[in-house]
Structures are given as structure tokens and as C-alpha cells.
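Colleague: I am new to this structure. Please show it to me, then take my questions.

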Amino acid sequence: MRKMQKRVWRQAAACLMLATAAVGWGCAAPEAAPSSEGAEASASADEASAAAEEDFIYIGTVQTNEAGQTYGTSAAADAEGVELDLMAAEATNGRSGYVYVDELEEVGSGGVTNPDEAVAYMEQRETRGSEALAKHLTAALPEGVTVTPAQARVFLDELSVGSADVGADLAAGLADRGKRATVALAEETGIPEADMVAVLEDAYFAANDEVADRIPVYESDGKTQIGEFAMNGL
């Protein structure tokens, strides 16, 4: 596997595009008014730069801390063929740091050791998720309106349908799936769709926050905790 010995920035491609598209890039602009070709080249360069900034991905390199632990991004580890001790992650408070890979894998798998345990673990998570979403929906809806865990499960099941086939436009695909799930929940409960939409997003994220597991996020020293990483949500 190809080694990656330095930081890789996708803006490099944009710089190359800028340099080849804009005549005299990096030089003083001439006093004469730009030609239509020059204006078009400049516009193309601006578009290329904006696209590069939007698509920016930091890969970095794998480094070693004072304790001899390797840390970096998963992409860098794959590129260099290195096993990570600490993997780059973003904490729920927005800070960037690292989580222990062993802990990430253990919590992520639920500690299961065989297929039967895996099935039981998934059923337990589904039950917790359904109960949490039903609770938060019921609390948000008008008094006397109740959403049961079974009804909440209808929404969650519909939301997961077709997760691997949302089409070329991911955002549109996810939005369509969310729409179908919301309609299914409204039909199941008899609650008007508009009323459900008004409270569903907040209830969903509150339930997700309730059931998610959390592991510490550290600075690169692997000792200084700076936040938590949430996983295994709805």
C-alpha cells in the first residue's frame, strides 16, 4: 500500500487548476481591462477554488506520542499500513481529538462474542430506541396524545429501509426516506402529519442522545480528556 509521508490537501488540485486556467496567476494584474476569455478563466478559477474548499479533506500522517502510541486519522493509517492506538474523532462538544481504537471497537460491538449475543444485543438496542423515541414524542405532543414504543418502531424501521440505496443524491434520498417514515408514523398513530413534523426532529435527537454510548475523547497524549464521542445511537 502506498506510503503517505506528508499531509495531503485536496486544495492542491485546485491550485493546479487555478495555475493552468488563469493566465498570469500569482502576478500583478495588467492595467488593461480583461478580455472575455480572461473573465471566463477567472470565473472558472473561482469556481474551482470554491469547490476545493467545500471538498477539503484532511488526511494527515500517523504520528507517535511520548507514550509510544500511534495516533492519526483512519485514512492516514490505511494509506501508511499502520495500526492506530488513537483514532481522530470529533467530540460532542465540537472539539477534535482522539479515541482509543480498542475502546471504540469494544463499545461499538457491544462486547458480543457470538451470533446469539449479537441478536440479543441488537434487539435490546431496538427496544431502548423505540422506548426513548416514544417517550420524547409523547412529551412533545399535546396532552393526552401518546405514542407507544411499537408505533415509534414503525418510524425507525421505515427510516432504515433502503439505507444502502438512496440514489445518487444522498441528501435527497435521505430526505425522501425521512418523509416516508414520518408519514408512516402519522398514519400509525392517527396524529396529523403536520403536528408530527413539528416535534419529530427534536424528539428524535433527544432520544438518540439518550440511548447513545459514549467514550472519552483525548488529546494526542492519550491522557488529557477533552470531551466525549457518541456512538450506537438510533
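Colleague: Which residues do ring pairs link into a cluster?

Modeller: F155, Y204 and F205. Note first that this is a predicted model, where local features need pLDDT of at least 70 and side-chain atom pairs count only at pLDDT 80 or more, while totals for chains, interfaces and linings use all residues. Residues are numbered from 1 along each chain as its sequence is written, and side-chain values use heavy atoms, with hydrogens and water left out.

Colleague: How many aromatic pairs does the structure hold?

Modeller: Four. One of them joins Y100 and Y218.

Colleague: Why is the pair of Y100 and Y218 called edge-to-face?

Modeller: Rings of Phe, Tyr and Trp (its six-membered ring) pair if their centres lie within 6.5 Å; planes under 30 degrees apart are stacked, over 60 edge-to-face, the rest tilted. Here the centres are 5.4 Å apart and the planes 75 degrees apart. So the pair of Y100 and Y218 is edge-to-face.

Colleague: What does that pair tie together?

Modeller: Y100 lies in strand β4 (residues 96–100), and Y218 in strand β5 (residues 213–218), so parts 118 residues apart in sequence are tied together. Strands (E, at least two residues) and helices (H or I, at least four) are DSSP runs, numbered from the N terminus.

Colleague: Is Y218 buried or exposed?

Modeller: Buried, at 14% relative accessibility. The cut-off for buried is under 20% relative accessible area; exposed is over 50%, and partly exposed lies in between (1.4 Å probe, protein chains only). Y100, at 22%, is therefore partly exposed.

Colleague: What makes Y204 and F205 an edge-to-face pair?

Modeller: Their centres are 5.6 Å apart, with 85 degrees between the planes. Y204 is buried, with a relative accessible area of 19%.

Colleague: At what angle do helix α5 and α6 pack?

Modeller: About 105 degrees, with the axes 8 Å apart; α5 covers residues 115–140. Axes are lines fitted to C-alpha atoms, for helices over the stretch in contact, with angles from 0 to 180 degrees between N-to-C directions. Under 35 degrees is roughly parallel, over 145 roughly antiparallel, 65 to 115 roughly perpendicular, the rest oblique. So α5 is roughly perpendicular to α6.

Colleague: Why is G227 called buried?

Modeller: Because its relative accessibility is 13%. G227 sits in strand β6 (residues 225–231). Beyond four places in sequence, G227 is in contact (heavy atoms within 4.5 Å) with A91, N93, I215, P216 and V217. The C-alpha atoms of G227 and P216 are 6.0 Å apart. P216 lies in β5 and is buried, at 16%.

Colleague: What is the mean pLDDT of the chain?

Modeller: The mean is 75, and 69% of residues reach 70 or more. pLDDT is the predictor's confidence in each residue, from 0 to 100. Over residues 51–57 the pLDDT is below 50, and over residues 163–168 the pLDDT stays under 50.
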